[in-house]
Structures are given as structure tokens and as C-alpha cells.
Amino acid sequence: MLSVEDWAEIRRLRRSEQMPIAQIARVLGISRNTVKAALASDGPPKYQRAPTGSRADGFEPRIRELLRAYPQMPSTVIAERIDWPFSIRTLSGKVAELRPVYLPPDPAGRTTYLAGEIGQHDFWFPPVELPVGFGQARTAKQLPVLTMITGYARHADGLLIPSRAAEDLFAGWWRLLERLGAVPRTLVWDGEGAVGKYRRGGPVLTAGTHAFRGVLGARVVICKPADPEAKGLLERVHGYLETSFLPGRSFTGPADFNAQLGEFFARANRRWRRALGCAPADRLPRDYYIRLDSNDYSVDPAVIGRRIEVIADLDRVRAFCDGRVAADHERVWARHQTLTDPAHWAAAQALRRQRLTMIRPPAEPEVQIRCLADYDDALGLDGGIA
């Protein structure tokens with residue numbers, strides 16, 4: 001077989017040196033047909049072992065017949081049906097090769113998240129024993145920790161609640177959204193009884209969930225069964241809690257557990273993440289800046305809390321909100337810089353003054369201080385001492 005080295009040399013001699021085929025064959029000691037084949041090929045030669053037959057080939061028609069009728073039939077059951085006399089591994093390989101023809105694979109989609117678009121929720125049950133007073137303690141199955149993570153910022157939070165009942169779930173849910181300071185457009189749940197279930201045709205939400213989402217003005221989505229990728233972000237948070245939060249800690253009760261959990265998430269959300277290029281807390285700012293390539297560019301503060309579209313090229317960084325320009329900066333090549341448009345700064349100062357005026361308590365009205373003698377005259381007193 002022709003080696004890759006000889007194949008490359010043949011093409012060099014022909015293309016760079018313009019050497020005739022017959023001369024190349026003499027120089028390398030190979031036939032002219034080999035030289036012609038090397039010049040005609042699009043890639044280097046590869047060794048390919050001649051395919052060998054499998055013991056399962058003779059059973060293939062019967063295997064196909066069973067898979068056509070029952071696409072999910074296990075290999076072990078197929079072995080019984082066809083009286084398979086050899087190793088099950090050989091048959092399993094053949095079944096795995098043929099099954100996709102009758103049962104197409106279910107690919108996991110790759111999800112991208114937009115700012116403010118999605119928040120994932122679920123329960124985590126910490127494997128600890130927690131004292132709850134009156135000489136009683138609760139174990140893992142009685143300790144539902146309501147967890148949350150936002151898709152874009154990866155801001156995570158959690159709260160231990162008394163039970164998974166609807167009234168406790170909605171109260172805890174509200175508390176987490178309060179601490180987040182915003183409501184994602186879509187709230188994702190697994191099949192939780194108090195929230196809803198996924199049935200054929202789509203999710204079915206409880207009446208309480210419809211009322212709750214109506215107050216929030218948000219959409220609630222129930223994941224399909226056997227779809228772990230839908231909430232992969234939150235599953236990783238649960239694993240992180242078990243490896244980084246629980247070890248070495250002790251708790252005196254539910255309040256202490258929530259206090260320590262809150263401090264843990266506060267530190268975690270301020271920690272820099274390589275995948276984000278910043279900390280989750282940096283993606284939930286109340287200021288009027290956007291970050292691009294480690295630099296912060298100001299935008300019109302009037303669009304805080306609204307979705308904007310950022311368009312950057314080699315020279316400019318622009319932001320748009322509802323088709324209106326919210327920012328237009330020259331792109332800088334230095335790192336860790338803050339670029340502020342004077343108009344944006346002035347608008348921010350005006351908004352702060354306006355907000356302070358709205359939240360400042362009204363001044364007390366001025367009241368005239370009268371002389372006590374006026375009251376004596378009004379009551380007909382002579383000013384003597386009784």
C-alpha cells in the first residue's frame with residue numbers, strides 16, 4: 001500500500017517540479033498506475049480493513065421483522081424470540097445498528113438563552129437531618145429546597161420551605177422572584193403536582209398556577225417526561241450544592257439552614273465564571289451599561305429592565321431598543337474600560353432625582369405657632385392662677 005509520505009511526494013514532484021509520471025515512478029520505485037492513482041485521489045491513502053461478516057447477519061431478516069413490529073424491544077427479548085445461540089454482545093451490536101431505522105433517535109437540542117427569557121425551578125432534597133424544634137427532626141424527603149436559576153445570567157438561588165403543598169410552594173416561589181428583583185418571561189418546571197403535569201398534547205397547569213402566573217404576567221412551561229436536558233442547568237446546581245455547600249456544615253434549624261444557604265448563593269453569584277466571562281451578578285445589574293469583550297458601554301438609562309439588541313463590529317458598538325438607538329460608542333481595544341456617554345450620565349442623574357422625589361416623604365406643612373394669650377382671650381380667662 002502507498003504510504004502517506006510517498007503520496008505527498010508524488011504530488012509535489014508533479015505539481016511543483018513538473019516531473020513526468022514515468023520519471024516519478026522511476027525515482028520512487030513504484031508503478032505508473034500507482035502514480036496516476038495518487039494524483040487522482042482527493043486525500044491521502046488510508047488503511048481500511050475489509051469488512052468481515054457477523055454471526056448476526058443470518059438472523060437479520062428476523063431481527064428486522066421484530067423491530068418493525070416493536071421498535072423498542074430489548075436485545076435480550078429479541079435473543080429469546082430468534083433462539084440466539086451466541087454472545088448477547090454480538091446481537092446487541094447488530095440490534096443497535098438496525099434499531100434507528102425503525103425508531104429514530106431523540107437528539108438533545110442545544111439551548112441558547114436570552115436575557116430575562118427563562119428561569120428554571122425544581123426541588124432539591126438535601127441528604128441531611130435537620131432539627132425543627134420540639135424534639136423533632138426532618139430527613140431528606142421532608143426537606144424540600146425550592147431552587148431557581150436564570151438561563152442567561154446563571155443567577156442561582158434556593159429556599160427551604162415547610163412542604164411541597166401549593167401554598168408553601170407559591171410563597172417560596174414568590175420569595176425567590178422577589179430576591180431576584182425581576183420575573184423571567186418563561187418559568188420552567190418539571191412535573192410538580194402543585195404546579196402542573198405534562199400530558200399528551202402539552203402541559204396542564206393547576207388553577208393555582210394559572211392565578212399565580214397571571215399575577216406575574218409570565219408563562220409557565222412543564223417539561224416533558226424523560227427530558228433531563230431541559231433543566232440541565234439546575235441539575236448541575238443541585239450537584240454543586242451537595243459537593244460544595246453541605247460538606248462540613250451543621251444546622252440548628254430551618255432558619256439557620258436558609259441563612260447559610262443564602263450566604264452561599266450570594267458568594268457563588270459573585271464568583272467569576274469562565275463560560276460567562278463574568279460573574280452572574282454582573283449580568284443582573286441595575287446600572288445602564290452593557291459589557292462587551294471585558295469593556296462596559298453606557299446605554300440610555302430609560303431602557304433599564306427592557307430587552308435591547310447589541311450590534312458590534314470592528315469600529316462601533318451600538319444598542320437598539322424597539323428600533324430606537326439606545327447607545328452608539330466607538331469600540332475600544334483596551335480591556336476593562338468603562339465608556340460613558342455624557343448624555344446617558346445626565347439622563348441617569350435626572351432619573352435619580354425624579355425617583356428620590358417620588359419616594360421621599362412629603363414635608364410637613366408649616367403651622368403657625370400662636371401665643372398662649374390668644375387662647376386665654378378666646379376662652380374668656382383673665383390670666384389669673386386658679
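# Questions on a predicted protein model

Biologist: Does phenylalanine 123 count as buried or exposed?

Modeller: The relative accessibility of phenylalanine 123 is 6%, where buried stands for under 20% relative accessible area, exposed for over 50% and partly exposed for what lies in between (1.4 Å probe, protein chains only). The model is predicted, so local features need pLDDT of at least 70 and side-chain atom pairs count only at pLDDT 80 or more, while totals for chains, interfaces and linings use all residues. Residues are numbered from 1 along each chain as its sequence is written, and side-chain values use heavy atoms, with hydrogens and water left out. At 6%, therefore, phenylalanine 123 counts as buried.

Biologist: How are the ring planes of phenylalanine 123 and phenylalanine 125 set, and what is the pair called?

Modeller: A search of the whole structure finds 16 aromatic pairs, which are Phe, Tyr or Trp rings (six-membered ring for Trp) with centres within 6.5 Å, stacked if the planes are under 30 degrees apart, edge-to-face if over 60 and tilted for the rest. In this pair, phenylalanine 125 is partly exposed at 28% relative accessible area. The ring centres of phenylalanine 123 and phenylalanine 125 are 6.3 Å apart and their planes are at 35 degrees, so the pair is tilted.

Biologist: What is the angle between the planes of phenylalanine 251 and phenylalanine 257?

Modeller: Phenylalanine 251 and phenylalanine 257 are both buried. They form a tilted aromatic pair with 4.7 Å from centre to centre, and the angle between their planes is 55 degrees.

Biologist: Where does leucine 143 lie, and what is its relative accessible area?

Modeller: Leucine 143 is in the loop between strand 3 (136-138) and strand 4. Apart from neighbours within four places in sequence, leucine 143 is in contact with Trp124, Phe125, Pro126, Val128, Leu130, Arg138 and Leu160. Leucine 130 is 13 residues from leucine 143 in sequence, and their C-alpha atoms are 8.2 Å apart. Leucine 143 counts as buried because its relative accessible area is 3%.

Biologist: Which residue is the bridge partner of cysteine 321 in strand 14?

Modeller: Strands pair if DSSP finds at least two bridges between them, and six bridges join strand 13 (residues 316-321) to strand 14 (residues 324-330), the two running antiparallel. These strands form a hairpin with two residues between them, and aspartate 322 in the turn has a positive phi of about 55 degrees. Cysteine 321 counts as buried at 2% relative accessibility. The bridge partner of cysteine 321 in strand 14 is arginine 324.

Biologist: Is glutamine 18 buried or exposed, and what is its relative accessible area?

Modeller: Glutamine 18 is in the loop between helix 1 (4-15) and helix 2 (21-28), and has a positive phi of about 55 degrees although it is not a glycine. Glutamine 18 is exposed, because its relative accessible area is 60%.

Biologist: What relative accessibility does aspartate 83 have?

Modeller: Aspartate 83 is in the loop between helix 5 (75-81) and helix 6 (88-102), and its phi is positive, near 55 degrees, in a residue other than glycine. Aspartate 83 counts as exposed because its relative accessibility is 62%.

Notes
Helices (H or I, at least four residues) and strands (E, at least two) are DSSP runs, numbered from the N terminus. Contact means heavy atoms within 4.5 Å.
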